[in-house]
Amino acid sequence: MVVAVAAAAASSTWLTCALLPRQGLHGIQEPTPGLQWTNKKRCCTRKAGLTITAKLELKPPPYPLNALEPHMSQETLEYHWGKHHRGYVDNLNKQIIGTELDEMPLEDIIITTYNKGDILPPFNNAAQIWNHDFFWESMKPGGGGKPFGELLQLIERDFGSFEKFVEEFRSAASTQFGSGWAWLAYKANRLDVGNAENPRPSDEDKKLVVVKSPNAVNPLVWDYSPLLTIDVWEHAYYLDFQIRRPDYISIFMEKLVSWEAVSSRLEIAKAQATEREEEEKRKQGEKEVGNSDNEAVKMS
């Protein structure tokens, strides 16, 4: 029954202006001091001319709910996606209606409400929506195995070998105390980032890193580009593995990971990093020209 619900959700999303998560972060907003509550509403127009209020929609996984069996059961997907994920969407819609957040893309809601760690109420639901969409898309039927191409080359460069990466990723996922997530991310950022707090300050740039995060926190708030994630909240694996989190992590890595999705995300992350560098150079050039003009005025 829930499989049919997922298919229906996929076919009905054209009725609303659903805000779906983007791959990577397109710019960081400065902190929003004291969000102002407004009565503005976003809407879109159906072809027949009926105007409806836009809202966040529950996005179905990119496969039927039984497609990951026997490694992840349909029952797990029915509860995890159909109830937990749906709850985050429903709760966020209630929290942001009529506020400035109601007009923002999902990623901007996450960055704004993270608020440099001084988390605002809508953050957990917003981040969990994004995290779960990203998690479903990190898996595929017949997944697992080993990556290829540039992704494998960077993994071997930054971790020493694919096996060492897997060991570090498993360690991050298994040692995350309580609820949370483990991530492979592309780090190509500067440390002074508006509305973000970097958990691993470093002068290193353009490299892959493994990080773990508590509760709903994700690497977007550190200005990292997520490439892969595993959900280690207990509800993600309890029906299939009970308390055996290490077994769940092993099955995820060996049988479920979509390395094609990870490779595509890496390409996007690198392109965004290049765009940022070019923008920084342009701004620096404009600043230098402005300084030269000011000096010329002073001397005249």
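1. Basis. This is a predicted model: local features need pLDDT of at least 70, side-chain atom pairs count only at pLDDT 80 or more, and totals for chains, interfaces and linings use all residues. Residues are numbered from 1 along each chain as its sequence is written, and side-chain values use heavy atoms, with hydrogens and water left out.

2. Fold. The protein chain has nine helices and five strands. Both are DSSP runs numbered from the N terminus: helices are H or I with at least four residues, strands are E with at least two. Read from the N terminus, the order is α-β-β-α-α-α-α-α-β-β-β-α-α-α.

3. Of the 300 residues, 46% count as buried. Buried means under 20% relative accessible area, exposed over 50%, partly exposed in between (1.4 Å probe, protein chains only). A contact means heavy atoms within 4.5 Å. Among contacts between residues at least 6 apart in sequence, 77% join residues at least 24 apart.

4. Surface. The accessible surface of the protein chain is about 15,000 Å², and 52% of that belongs to carbon and sulfur atoms. Areas come from the Shrake-Rupley method with a 1.4 Å probe; for residues, only the protein chains shown count as cover.

5. Most residues other than glycine have a negative phi, and most peptide bonds are trans. E69 and P70 are joined by a cis peptide bond, with omega about 5°. P70 sits in the loop between strand 2 (51-53) and helix 2 (74-96).

6. Positive phi. K116 has a positive phi of about 55° and is not a glycine. Its place is the loop between helix 3 (106-114) and helix 4 (123-137). K116 is partly exposed, at 46% relative accessible area. D223 also has a positive phi, near 65°. D223 is in the loop between strand 4 (207-214) and strand 5 (225-231). D223 is buried, at 6%.

7. Helix pair. Helix 2 and helix 4 pack at an angle of about 145°, with axes 8 Å apart. Axes are lines fitted to C-alpha atoms, for helices over the stretch in contact; angles run from 0 to 180 degrees between N-to-C directions. The contact residues divide into nine nonpolar, seven polar and one charged. Ala, Val, Leu, Ile, Met, Phe, Trp, Tyr, Cys and Pro count as nonpolar, Asp, Glu, Lys and Arg as charged, and the others, Gly among them, as polar.
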